[in-house]
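Subject: Handing over a structure, with notes

Dear colleague,

I am passing this structure on to you, and my notes follow below it. Please read them with the model open beside you.

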Amino acid sequence: MRGQMRSGLVRMTRRELVLGAAAAPLAARAAFAAGQARPKMAAFVVGLNNYRNISKLDRAVPDAQAIARTLAGPHYGYDVELAIDVDADGFLQAQRRFLEKLVDGRGAAFCYIAGHGLQFAGRNYLLPVDADASTTDTVLETSFPLDQFMADLAGMRPAQSIVVVDACRNEPPVQDLTGQARGFAAANAPNEFYVAYSASSGEFAVDHLGDGDRDPNGLFMRHLLRHLSPDENFDDIVKRVRGDVYQQARTIGRSQHPAIYNQCVRDFCLNPDVRPSRAGPVAETGRMQSTAVLLVGVDHLPDPRIGKLSAPLPDIERLDVMFQRLGAATTRLANPDFAALKDSCKRISQSGPETVIVYFSGNGGLIGNEAVIFLPAVPGVE
């Protein structure tokens, strides 16, 4: 619950109280930074295995410890804040110490969180070890919204921000809670953030490959550690990890596609002082000939308060030509209503492509925490 005013008293949440110093106004933070030297690169690494009220995990803690050792090593040089099996208060206190390392707004931030996670009504939550899963309300009250965590980090204005969430492993930690959905929802990443999930929206991450799997790390982490480099473009690294995870998960009949939400305008690597190098092309996981592309352009809406756009229809026309040259099967929709869009999606799904690419050009926004696109309405239909 947010802070409220009742009977003249200000009510503060646990998060607001514990993070108070780190979330202070920018002017106060700048004054604080002037008197103290701060590390240039800081990492926040969390591993949660020993849950008290829900199913325990085996590899989240070893995963966190492994990436923490790597980042703190001589090749990377991060000042690592490592939090193992922390409850809600311990999580917030560790988060505060991490944020204070970035108080000057100059540094590089890397966050890795391994443990249980849940999606409720399109919003993602991180669960500390003392999360109470007895009801929907108690789960939400004792967990941390991922978007709020990223907003706290964005407020410190680091030069680059990487957030890797290795959660939603194997199965939901709790069952039959109202509003719970499979896996994580897509991330609403702030500008200049690079966010990676160990599994795609709606999927569960593979923790191990079976009873004979003796690797101490989960599937995502074992491949991340193998590909990690301080001076290679980080996006290339994650794409290689995604390909390896996808292929190995298939060997046990599972589907896992690590998700990438890249809001950065430039390439970067883990060492912010080094210009990213490229170790070679990222391996393709599919062929364009088995790809279906849906191109949607909306340049005007019935509401006269929303002005007409000039780019959407020319955009989808040019993309249509490009994708056809690459061998993809394209569908182009200009100013479709919802029924037309739904029908096209159904036909594309029934055609059985290996990969589907959807491109939308037009107006959109946020309703609550859910991203939406605006389509023309059928006359007389709400």
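Which strands do the buried residues of α9 pack against? They pack against β13 (291–297), β14 (329–334) and β15 (355–361), where contact means heavy atoms within 4.5 Å.

Before going further, please bear in mind that this is a predicted model, in which local features need pLDDT of at least 70 and side-chain atom pairs count only at pLDDT 80 or more, while totals for chains, interfaces and linings use all residues. Residues are numbered from 1 along each chain as its sequence is written, and side-chain values use heavy atoms, with hydrogens and water left out. The helices (H or I, at least four residues) and strands (E, at least two) are DSSP runs, numbered from the N terminus.

Helix α9

Helix α9 covers residues 312–325, and its 14 residues reach 20 Å from the first C-alpha to the last, close to the 20 Å expected at 1.5 Å a residue; the expected span is 1.5 Å times one less than the number of residues. Pro312, Ile316, Leu319, Asp320 and Phe323 are the buried residues mentioned above, with buried meaning under 20% relative accessible area, exposed over 50%, and partly exposed in between (1.4 Å probe, protein chains only). Seen down the axis of α9, these buried residues fall within an arc of 110°, so they line one face of the helix; the arc is that of the directions from the helix axis to the C-beta atoms. On the face turned away from that buried side, α9 carries the exposed residues Arg318 and Arg325. Just after the helix, Gly327 takes a positive phi of about 95°.

Salt bridges

The structure holds 15 salt bridges, each being a side-chain nitrogen of Lys or Arg within 4 Å of a carboxyl oxygen of Asp or Glu. Because Asp320 lies in helix α9 and Arg332 in strand β14, the pair ties together parts that are 12 residues apart in sequence. Asp320 is buried, with a relative accessible area of 8%, whereas Arg332 is partly exposed at 43% relative accessibility.

Another salt bridge joins Lys40 and Asp273, with the closest N and O atoms 2.6 Å apart. This pair links distant parts of the chain, since Lys40 sits in the loop between α2 (26–34) and β3 (41–47) and Asp273 in the loop between β12 (259–262) and β13, 233 residues apart. Lys40 counts as partly exposed at 33% relative accessibility, while Asp273, at 58%, counts as exposed.

A further salt bridge, between Asp343 and Arg347, has its closest N and O atoms 3.2 Å apart. Both residues lie in helix α10 (residues 338–350), four residues apart, about one turn of the helix. Asp343 is partly exposed at 40% relative accessibility, and Arg347 is partly exposed at 43%. Elsewhere, salt bridges that share partners join Asp79, Glu81, Arg97 and Lys101 into one network.

A search of the whole structure finds 12 aromatic pairs, meaning rings of Phe, Tyr and Trp (its six-membered ring) whose centres lie within 6.5 Å, with planes under 30 degrees apart counted as stacked, over 60 as edge-to-face and the rest as tilted. The rings of Phe44 and Phe91 have their centres 5.6 Å apart and their planes at 75°, so this pair is edge-to-face. Phe44 belongs to strand β3 and Phe91 to helix α4 (residues 88–101), and the pair links distant parts of the chain, 47 residues apart. Both Phe44 and Phe91 are buried, and together with Phe98, Phe144 and Phe149 they form one aromatic cluster.

The buried residues of α4 include Phe91, Leu92, Phe98, Leu99 and Lys101. The end C-alpha atoms of α4 are 20 Å apart, which agrees with the 20 Å that its 14 residues should span at 1.5 Å a residue.

Two loop residues

Asp85, found in the loop between β4 (79–84) and α4, has a phi near 50°, a positive value in a residue other than glycine. Asp85 is partly exposed, with a relative accessible area of 23%. Asn335, in the loop between β14 and α10, likewise has a positive phi of about 50° although it is not a glycine.
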